[in-house]
Each structure stands twice: as structure tokens, then as C-alpha cells.
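Subject: Structure handover

Hello,

Please find the structure below, together with the notes that I promised you. Could you keep it open beside this message while you read?

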Amino acid sequence: MVPIVLIAALTLAGVFSVTAQLAVYLVTSELDRRIDSLQAASDAVVRAAPASRPGVMEGMVNLFYRDRYPGIEILLRDSGHLIRYPENGTLPAPLDGWQPTSGVLVRDHRLYLWSYARTPTGDVTVSAPLTRELLAGLAPNLGVIDRFSAAAAAERQPPARVPPPVNGLDREVRWFATVPAADWNHPGQPSEPLVIGVRTRVSAVLTAVFNRGADVAQNFLQITLIIGAVLFLIVELISLVIGISMVRTITGAVHRLYEGTQKMIEGDFSHRIEVAGRDQLADLGSSFNRMTAHLEQSLAVAKEKERLQSEIEIARQVQNHLYPREAPRTRTLRLKAVCQPARVVSGDYYDYAAIRDAQVALAIGDVAGKGISAALLTATLQSSLRAQLQSETAPSPSLLAAQLNQQLYAYTSAEKYATFCLGIYDETSGELSYTNAGHVPPVLIREGVPQRLEVNGTVVGAFPFSAFEESRVETKSGDLLVCFTDGVTEPENEYGEMFNEDRFIDLVARNSHRSEEQIIELVIDSVRQWTGSGELQDDMTILLARRI
């Protein structure tokens, strides 16, 4: 009975809803046509020759508009002269500021249908009172059509009646529609919207929409509905019998599924339920068995992933320990560096260390690739550099780069290489000697003016006999050396535009008077704002050295 009651309730609600919408549509659509007809009248006056406009006004009203629009008036304003039809009309001239329009108008607390159009030397205003009689004529025999607004409440309205019911099911239907209304005293500004209410019956709406004169068709429709209702009841009884038999099958399958889920809760993912038949319940049982098999595999994969994550975390901790914990104590140089990996571990490398004879080694590099393999190569790069710095009595950047190239080429695969920049700063002379092996050129900022350093070598680890040259630059007090990786300059925004070196160098140069910590924080925040993402697109490393 529940489906029957629900369907009946839905049918009744649908009938009343559709009837209400049709009733309102019949009224509002005819109202729109009446408004369009007034606009056609004003347009006809505008298109007429100036000398013939009064005759056009009289002819239109007498022939087409007087019966449909009781009380209609037309006002023609031409070069300051007012021409009315009828001549005893009281329609006032519209205020300045009106644009050509048509619709419902509130004037002197009364409702009107109106149309306003302009001529080269004036304007035309057509107005007709919006009375209950006019509304009733929009859809004859439909029922009561009321107006609800402050202007309508001020008018005396004659009584109206809803059509009598055809039978006991012919209930009264009420609905409303809102129509925008203009305010006569405020050109271009809306007034309180007009609410048009319709009280009718289902039979009245059907009479207005359909042709009910064909009785044979109506009787055929009634018989068809009765036969359909009987067939519906028979189908319901058959469905009840089939439903009882299906319930037993369904409950049995659900019970087996319940037992399987209990085994899963206990952690037994090897349990499989019995599958019988070829229907959808059998497919459900097979799907459950496949799901438990996949879960069993997923648990194994999850355990392996957890083990790998643990190993990666260990690698991250080891790499963090490889970076220098504190800058070496020097008399004329202040150092600060930071590396933010795009993943758990980084393929970028930086290092600084004090060596004999009042010298400081500065190094930065970018290993090809990401992840653990790149991190292992950075560890190899650091250990080799540290060992060579300690063994050389007078370290030379070009010689050290050549030795690193030989070692990386000999002990790594062919596709593993790194860009590398090594500089040695002499505190006694203030001179910086450096070798740039294919790395992004560092920048020396002196008194706010940036100067890019040279690239005088190719990448390390790619070719066995690469030659590396050495360059020198004299530093002065206040100079700021900026070393960085492409993870700072190549991140892209949502439009695919890179942050680029020029923007980065300009940012650092304009803020070179700040502390090293503030500069690094400013650069990182600017790159994140540029990308609009909390995740880095590449490893980002910055090393700053300021001459005191």
C-alpha cells in the first residue's frame, strides 16, 4: 500500500501544481500580450508622420483599443505641445528621465498598463487602468483574478466568484505570480511588485486549455484510466507474491555477507563466502570475495609502503645531518644558507667550511633528478669535496672541480651528473676565486647593483676529461654574494610563467640592506606566492655570504 499511497499523493500534488501554474500562465501571458499591444500602439504613433499622429491616435483607439482597454488614454507631447485622445483625458505628462518602456505602472496609488516611447521632438504615452474587470477579461471563466498591492488595496473591488465544482474531486486551486511595476514619480526605479492571485478550479483550467466538446474522447479517457487502475492493482498483488519469495533469497545472501564482514573485522581476510546461482546476489558475493582478496593484497602493499616511508625518513634525517650545522667563524664574512626539498629528501647541495690559511670554501650544487638517488649523490659529492679540501695544501677551485668530476664519472652511472659551483674566499686579501661547473651563475650585489658571475665549466660527472677554468673577483665591505639553485627561479604560476632570474635578482638587490635571514625568508615567501601553492615544484636552495 505504501507505493500506492505515495503515487496517489504525488499524482494529486502534481495535478494541483500543474493546474496552478497553468492558471497563472494563462493570466500572465495574456497580460504580457496586452502590454505588447499598448507598446505597438505607441510605436505606431512614433512611426506615423508628425501631422498625421493625432488621426492615428483617434483611429487606433476607436477601431482596436477602446473595448479591450476601458479608459485608455494617449498623450502626445510634441515640441512642448500636448495632444490628448480622448480630448477630455487627464493623463499627465511623464516626468523627465523616462526611457522607452512598457509594463505595469503605479500612478497616484492606482495601477495602469502603459507604454512610453520617444519621438524626435517629444514622446508618446499610452495608459489604461488595470482594473479587476480587465484582469477578468484576460482569461474569461477561469475564476477570480485579484491584484495584491498598496495601489490595488486603495481601489474598491466588485465581488467575484470561483466557478462551481464539476464533482467532488474538483477542488479549488489558488496560486499567485509577481509582476514588476514602475513608479510614475521615480523614472527608472521599480515600485512595489504587483502580486496577481488566481482562484480557480481544475475543471476551469482544463476547459480553458483543452477542447472538452468531444464527449466520446472524454469517455474513452475515463474508461482507459479505470482499466489502468485495475491492471495496476493486479500487478501489485503479483509483485507481493514475488517479493515474499525474493526476501528469503536476499536475507540468506545478506546473512552470508554479514558473516564475511565479521571475519574481516576479526582480521581474517582469507575468508571467502559461498556463491550460488548467476543472479545479481551471486555477483555481489563474487564482488565481496574479490574485495577481500584485494584488501589482503593492499595490506601487504601498505606494509611495504610503510617500510619504505620509514627508510625515506631515515634518509631525510641523515641528509639533514650532512648539511653544515653552523657557519664557520670568520672575521670578514657572514654566511647563511637554507635548503627546502620538494620531496622528503633533496637533490640540492650546499656546504661551507673553514680551511687552513684563513680561507673559507663555499659550495652549492644541483644533482640531476629527485628523491633518494639524488640525495645519495649529494652525499657522495659532499664527502668527496670535504676529503679533498682537507688533503690539499693550497686548494684550487678548478683543480677540486676536476677531481670531483673524475670521481663522480668513475663511480656513478652515465645519466648521473650535477651542476656545481665552488668558491674559495681569502680573508686576508678579500679575493674570491671560483669555478662554476654549469651551475646557475651566482650574483654579487655591491651597493644595490647586481653583477652575475661567470660560468667557466661544464657539469661534473658527465664527461671524463672536462676542463674547468677559474675566475677571481675582488670583494669589498658590504658586498653580498648570492648563490642559488634553479628551484628558486623556475617555479611557474598558474599561467605557466616562471619566477625567473631577473625577478629574483631584483628582489634581492632591492632588499640587500636587510639581514641574511630576512632576505631568505622574503625570497621563499615570494616564490610561494608566485606559485600559489604550498608545495614546492623543485628543491629550493639559497646561500648568502656577506663581506663585513
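The residues that line the second largest pocket divide into ten nonpolar, five polar and one charged, where Ala, Val, Leu, Ile, Met, Phe, Trp, Tyr, Cys and Pro count as nonpolar, Asp, Glu, Lys and Arg as charged, and the others, Gly among them, as polar. This is a predicted model, in which local features need pLDDT of at least 70 and side-chain atom pairs count only at pLDDT 80 or more, while totals for chains, interfaces and linings use all residues. Residues are numbered from 1 along each chain as its sequence is written, and side-chain values use heavy atoms, with hydrogens and water left out.

The pocket has a volume of about 220 Å³, and of the 16 residues in its lining, S102, V104, P180, A181 and A182 lie nearest its centre. A pocket here is found on a 1 Å grid over the protein atoms alone, as an open set of points where a 1.4 Å probe fits, with protein on both sides within 12 Å along at least five of seven lines, and lining residues have an atom within 4 Å of a point. Grid points are joined across faces, edges and corners, and the volume is the space filled by probe spheres set on the points. At least two lining residues come from each of α1 (2–47), β3 (101–107) and β8 (181–183), and β3 gives the most, with four residues. Such helices (H or I, at least four residues) and strands (E, at least two) are DSSP runs, numbered from the N terminus.

Strands β3 and β8 also belong to an open sheet of six strands with mixed pairing, in the order β2-β1-β5-β4-β3-β8, where two strands pair if DSSP finds at least two bridges between them. Because β2 (81–85) and β8 stand at the edges with a single partner strand each, one side of each is left without a neighbour in the sheet. The twist averages 30° from one strand to the next, with axes taken as lines fitted to C-alpha atoms, for helices over the stretch in contact, and angles running from 0 to 180 degrees between N-to-C directions. Within this sheet, β4 (residues 110–119) and β5 (residues 122–129) run antiparallel and are joined by eight bridges, and T119 stands opposite G122 in β5. Helix α1 packs on the sheet and touches β1 (73–78), β3, β4 and β5, its direction making about 35° with that of β4; contact means heavy atoms within 4.5 Å. A44 has its place in α1 and touches V56 and M60, not counting residues up to four places away in sequence.

A second open sheet has five strands with antiparallel pairing, in the order β11-β12-β13-β14-β17. Strands β12 (residues 359–367) and β13 (residues 418–426) pair over nine bridges, and G365 stands opposite F420 in β13. Helix α8 (residues 371–391) packs on this sheet, touching β11, β12 and β13.

Which residue forms a salt bridge with E431? The partner is R472, with the closest N and O atoms 3.2 Å apart, and the pair links distant parts of the chain, since E431 lies in β14 (residues 431–437) and R472 in β17, 41 residues apart. A salt bridge is a side-chain nitrogen of Lys or Arg within 4 Å of a carboxyl oxygen of Asp or Glu, and the whole structure holds 17 of them.

Best wishes
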